[in-house]
Every structure is written in structure tokens, then in C-alpha cells.
Amino acid sequence: MMNVNRYVLSRSLHFGQRLVSRSTRRAATDAERLQQRRSIRTQSRNLAYAKDLFLGQVNKAEVFPYPEIGNEEVEEINQLVAPVEKFFSEEVDSAKIDREAKIPEETLNGLKELGLFGIMVPEEYGGLGLSNTVYARLAEITSLDGSIAVTLAAHQAIGLKGILIAGNEAQKQKYLPKLASGEHIAAFCLTEPGSGSDAASITTRATLSEDGKHYLINGSKFWISNGDMADVMTVFARTEVVVDGVKKDKISAFIVERDKLGIRGRLAFSACEVSFDNVPVPVENVIGEVGGGFKVAMNILNSGRFSMGSSSAGMIKKLIELTSEYAATRKQFNKSLGEFGMIQEKFALMSINAFVMESMAYLTAGMMDRPGLPDCSLEAAMVKVFSSEGGWICTSEALQILGGLGYTKNYPYERYVRDCRILPIFEGTNEILRMYIALTGMQYAGKVLTGKIKEMKKGNIGLALGMVGKKLRASFGSSADLGLTGKDGVVHPSLAQSAKKFEQNVDLFGSTVESLLYRYGKTLVDEQLILKRVADVLINLYAMTAVLSRSSRSISIGLRNHDHEVLLTNTFCSDAFFKNNYWMTQLQKHSPENNDANIKKIAREVLENRAYVCSHPLERTF
Amino acid sequence: MSGRVLVGVKRVIDYAVKIRVKPDNSGVVTDGVKHSMNPFCEIAVEEAVKLKEKKFIKEVVAVSCGPQQAQETIRTALAMGADRGIHVEVTGKDYDTLGPLQVSKIFAALAKKEDAQLLILGKQAIDDDCNQTGQMTAALLDWPQGTFASEVSLEGDKIKVVREIDGGLETIKINTPAVLTADLRLNTPRYATLPNIMKAKKKKIAQVKPADLGVDITSRLEVLRVDEPPQRLAGVTVETVDDLVAKLKESGTI
């Protein structure tokens, strides 16, 4: 019988597990503006959409129709976008910034004056108080320069986020105004030389002073963006707490001010290393509860990821403009480059990728902006994985279109490629995020299935019959109907085929998940290659959801060029459908397509040898 | 003096866009094309806001004539520092045929109605390059004009204007009320910052129709045809200077 009852998950699942961010609405004082303040609550999570895919179900209400914003907001966004675009095209010299490895003072000041340092800080603290959707829209423009994008994101998506979502009123009043105006710059200090992906293992310590008024922080942090110029840092360190009479070492979050170091405190910066030598921090500067720092960290990271979708999309759209100009005019063999199949494929790749990324990003942002604030950390992680890898591939292909020219520093392509390489690494490596995506969903599915088993044991015949019926239907090969198409379908009829493929994938995914839980139980946590495929399928499913929802809306409202959207949607879904089926086939029991055992063996032998194992092909034995 | 300045702003196709002529040669393609404030109008707004910041004047009113979208242009002016806006509604066919003469009649009527001390416009619009509205408005109002201004300073109730003309720079002193048109080097317009855009949402834009101002906007001009400029022909390389001179003589150029 299924032994999913005792489903224990290891620390890899501890990334912000038991938390959900909740917002409280403030009554609108003018027009339709809603401010959302976030605070951390310790309740069971209100996961958004993707979790039901693990059960082979589609929670249509969450994602159809595609989130829409009011007319006024659209106008407002257009207004906000114009000066930022103008600034970036006229005042930002990306080549110079790259060459000198520094953002000039005037450019930074221009960005501060534009208000780009406090986009999501509420108006009462001096920020712009804009929604996730608007933030994502602005990220499309700031991504045109990699250094600026990272500086701004490190400052507000993670640097000051802790104070914003977990700080108390006093802390917000004290720090947010200057951070929002850019007078102070923020940084997020979690990673250490010995603790990257394994964030819970940090060793920086904060010891309470004898008078109980200060903590002294000792340790060093690594890879800290804005580390060299930050005035206000969110620092994570271990503190001793007493839980149920037992002394434990738990992580706490602190606000550390650069210029309040005191006599003995010393802060040293090198490129991105920040080391703390007896740095005093007043006890009022603890964010949230003492010992509750890890949750704060995970919440901060989870809330900023979705914007990578729109920033990558913005960058790719720009590259499409630049490269298509070249492909239309450059001629070889008496034809323009654009007439060759392999070049055409690259344009299709870039267009589809940009399309999927922005669809996913704005779907996620739209869900996050809903009242009640569903926990979209799963969806945001998926957007991040897809966009970082898509961005890397597309910038590489864009460079390829230009050939030799693309490789030179005279053109921006190699800079885009270099800048993109960090995307799959920071903000949670894609490997860790895949684990998070797969395990969070598996945990949810496990709980639901366990619940069903308990019901059946109690004698709930209806439930048992339902499950048997489902298995019979599946074995007779009837296709799934999840309500996306047909008379009351939420997807537009011209996308019916793609929707059907999606439904088939979801159905198969649900049974695949069930069978994996059954087969592996608790040991699933260690099967990374299996979890990787589960995550990849889920990412594709979410992507398909996003494009189906978006293009359905575009057709229904008659948006310009919606037939091109249909083309992109169908192409992507068809491709994703086959990839998903292939991966799910590999996940079946004793699948001949699955080479995992061999892969592990190869790795073991190589790592034992600390080198390539084979004898040289030219060697002789006689 | 009321201390009020009227600034005219026009919504035009963005300067960076590649213009295409409609297939029926009746005009250029505007559907779905990026539009923004005429660059010279931006300079005009900047000058007005600067005068207010230096406390020479008290209120800046931004005016635009056109369809609903003209309000976006007014909002940009508000974000740059104008205090309120007036949107003169002109739509459809009327908008297609709206030219400097009608616009100057509208501005003249508004200047009187709002008791303006100064009217600042851009020297010309980058779509039609007419360079007429400022001059016509001054004539209709019988006000002095300082056109192609590259420097403006208020001295009591007179204005000193340095004008860019073909021969160089000309400095004149004119009485107020007056009409000024801004040239390129008058100032560098500020960026509308996001916080100012948010503040601008609270500023008012009044709506009026030309009829309310007693202005007849029927056009006396009819556009017969719009064509693209002829394609640039390839050149010819010559070996020596003598060849060049010979060719030039041949083509009748010298």
C-alpha cells in the first residue's frame, strides 16, 4: 500500500516552507490605487496554481483569464515607462560601464532622481508604491544594462525587502525613506565562502552584549552585490536562542548600518566580500524574531524572482531588433541571411522564448498582485529557471547570427552573453530551484494522497470508486478533459489543439507523480535526476498555461497581431508536449530511455579518479 | 499681471521612428506607431517651469489640441512641472486637417480667456515642420513675438530675447504679454521622474471644445498627396579633380 503517510522532507525543503506572505489592504484614497503591506505570518501556505498540476488537475480559476490591469493603470505604466526608456537610450553608456567596471556617478544620480530605487516601497515611506506588475514592466527596461539591473535589483528586490516585508513600523520609518530615494543603498548579505546553496549552514555569528543592548557580529560574507557601496545591509547571522529549554543556534536577520560601526567595529570591502569584525548592531535592528532569520531570507528571495522573466524578455526583444536589422541587410551567397533556414530558426527561438518569458512573468506578477496574496514562490522559481536558461541560449544565438562581428567587443552581443551567464547561478542556482520546485509540489501531492488513503481506510467508498474509475479510464486510453476546451472552455477555440496537448500532459503528469511517490516514498529526496525531470515538466506546463492564457485573452479582445501570438503558442506547446512526454517516459518504472544509473556510475568513477578515466586511444598493450 | 504662462505641447510621432507613407498616399502611418511630445515643445515646457522656479511667474498651464491621446502629452508636461492642463478636443477628420492657422486661433482665444502673460511654444513641430503657429498666434493677439529663442530673461515687465537667426544671434527687448517660440539651445529639458509622474496624476486637465472658444476649425487647405522622398541614387567615382569638374559642368551644376 502506499506508504506516503510518513513523508519526511530534508532540509532542502526548508526554503521558506511554512510561511506565506500576507498583505493587508489599505482603503484606496485616490482612484483605484491599492497599497499592499507585507508581513510574515506563520500559517500553512496558501500555494497558488502550480501545486494542483501535481495532482493532474488544472486550477483554471487562478490562471484564466490572463490577469488584466485597469485602463488607468495601463496609461500610468506607459507614462512611467517613457522617461525610463529615454534615460536608458540617451544617458546610459553600457559599453563604458562594462569597460570601466563602474556605473558613473551621474548615471546613478539620474536613476535615483527617476525614482527607480524605491519602486515597490509604499508611498508613505517615500517610494512609488507600485505593484509587482509595474515592477516587472520597468525591469524590462533596466535589463538593457546588466550592471544597472543588478545594482537596482540587489538594492530593492532583496536588499531592502527584508525591512519591507518583515520589519516593524519603527524600522520602516527609520530606514525606508532614504533607501527609497536612493540616498542610501541596500545590500543583502547571506552567502559566505563556505555557504552558498546550503544557506542554512552559515557561520557568521551575532553574540549578545552583556548589557543586552547590542549584538556583535563576526564573520565574512561573499558575493555581496552592492557590498562596496551599501549603507544599509540586511545581514544574516547565527544567534543563540533557547527553545523549550534547549539552547539552539538559529539564524537571525539584522539591519546593519555602515556608518554606525562604533569604535571597535570594522567593515572591510573588497570586490564583493564583506567581513564583519565585532560590528555592533542595536537589538532594535533585528528583523522579525530572533531565530526567525532563515524564514525571512527565504521569503525575501522568493518574492523577487519573477521579475527575471520580464527582464530577460526585454533584453531578448532588444536583441531581436538589433539582429533582425543585420539579418535583413547582410548578404551571403547572394541571399540575405534571413532567407536561410538555420538563421530563421534562431529568430523563431528568440521570439518564442521572449513570448513565453513575458507571459509567465506577468501571469505570476498578476497572481501576486491579487488580494490575499497567494504564495507564488513556486511559480516565481519556475519563471526564474526558464528565463535564466532561455536568456543564456538566446543571447548566444543572437551572437551567432552576427558571426565574427558578434564575438568582438565593438558590438554589445558578447557583453549580453557574459552578463547573462550569472542568471542561472545567482538568486538560487537553477539546480537548487529545480529541487525546490519538484519537492514542494511532491510534498503537497503526498499530503493530499495520504489524506485520500485515510478516507478510503475509513470506508469512503465513493472515493475508492472514483480512483478505480480514473485508472480504468486511463488504461482505456481516453483522453483527459480538464475543461479547457469545448463549449465552456476557458481557452479560445483556435488554440484547442494546444490546449488538448496540455491537458494530456497534465493528466500524465498527475499519474507519474503518484507512481513516483509510491515507488520511492521518502527516498525521493535524494533522487535528483528524477526530481530534475519532474521540475522540467512542471516548468513547461506552467509555461504552456501562461501562453494559452495570454493568447486566449489577446484573441478575445482583438489585440494587434494576435494571430502571431497563436502561432508562437502552438509552436511552443507542440514542442513542449513532446519534450514532456519524453521526460515522463523516462520516469516510468524500468524505462529503457532512462540512463540515470549509468550516469551516476560514470560520475562515480570519474570522481574517484579525479580525472578522465579512459586510456588514451593511441595507447598500445602489446 | 496674472503671472500665468500658457505652453502649447503637440503630440507627434516619436523622432526615432522610421516614418512610412500609407499605401493610398493620403498621409503617413500613425496607427500603432510610437508617439511622444514634440522635442521643441519639451524645451518650451522646461523654460516655463524654470521661470516658475525662479519665481518670475506663478502658474504654468499646458495646452494641447487633439484626440484623447493628447492627454498623455499634457500629463508629461504636468510631470515636468506644469500646474494644470487644458485639452482642446479635436478628433477624426477635423484632427487630420488641423493646421497652424486653426491652432493659433485656439491659442489666441485661450490666452485671452486665461489672461495669460506669456505664451511659449516650440518653434516648429517635427511632423509638419510648419514653423507658423507661434507667429500666427502673436499676430492674432497683436502681441510682440520672440521667435527662435535661445535665451530668455524677464526684466521687469519686458522680456529680453536672444534669437537664433541665419546671420547669427539677434537680441531684442519686447513688451509683455508676448509670444515666445523655443529653439534647440534654449535649455535641456528635464526627465519626467517617476515620483513626479505620480504627483502629476493629481493635477487637473480641463476639457474644452473649439466651439466653446468660438473658434472655427475648418481647414482651407487640402492635402492632395503624400510621397516618400526619392531614393538616394548611387554615386559615381571619378579619378581626378579635372574629371570631377568636367562631370559637374556636364550636369549643369556649375
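**Note on the predicted complex of chains A and B**

1. E42(B) forms a salt bridge with K86(A), and their closest N and O atoms are 3.3 Å apart. The term means a side-chain nitrogen of Lys or Arg within 4 Å of a carboxyl oxygen of Asp or Glu. The rule finds two salt bridges across the interface of chain B and chain A.

2. Basis. This is a predicted model: local features need pLDDT of at least 70, side-chain atom pairs count only at pLDDT 80 or more, and totals for chains, interfaces and linings use all residues. Side-chain values use heavy atoms, without hydrogens and water; residues are numbered from 1 along each chain as its sequence is written, chains are lettered from A and ligands numbered from 1 in the order in which they are written.

3. Confidence. pLDDT is the predictor's confidence in each residue, from 0 to 100. Chain B has a mean pLDDT of 93, and 99% of its residues reach 70 or more. Helices (H or I, at least four residues) and strands (E, at least two) are DSSP runs, numbered from the N terminus. For the complex, the predictor gives an ipTM of 0.73 and a pTM of 0.83.

4. Interface size. The contact (heavy atoms within 4.5 Å) takes 21 residues from chain A and 16 residues from chain B. About 1600 Å² is buried between the two chains, with 59% from carbon and sulfur atoms. Buried area is the accessible area (1.4 Å probe) that two parts lose on being put together, summed over both. Y191(B), L194(B) and M198(B) supply 44% of the area that chain B buries against chain A, more than any other three residues.

5. Sheet. Chain B has an open sheet of nine strands with mixed pairing, in the order β9-β8-β7-β10-β6-β1-β4-β5-β11. Strands pair if DSSP finds at least two bridges between them. β9 (168-175) and β11 (205-208) of chain B stand at the edges with a single partner strand each, so one side of each lacks a neighbour in the sheet. Strands β7 (residues 145-155) and β10 (residues 178-182) of chain B pair in the parallel sense over three bridges. A149(B) has A182(B) as its bridge partner in β10(B).

6. Helix α2 (residues 70-80) of chain B lies across β4 (59-66), β5 (84-89) and β11, at about 165° to β5(B). Axes are lines fitted to C-alpha atoms, for helices over the stretch in contact; angles run from 0 to 180 degrees between N-to-C directions.
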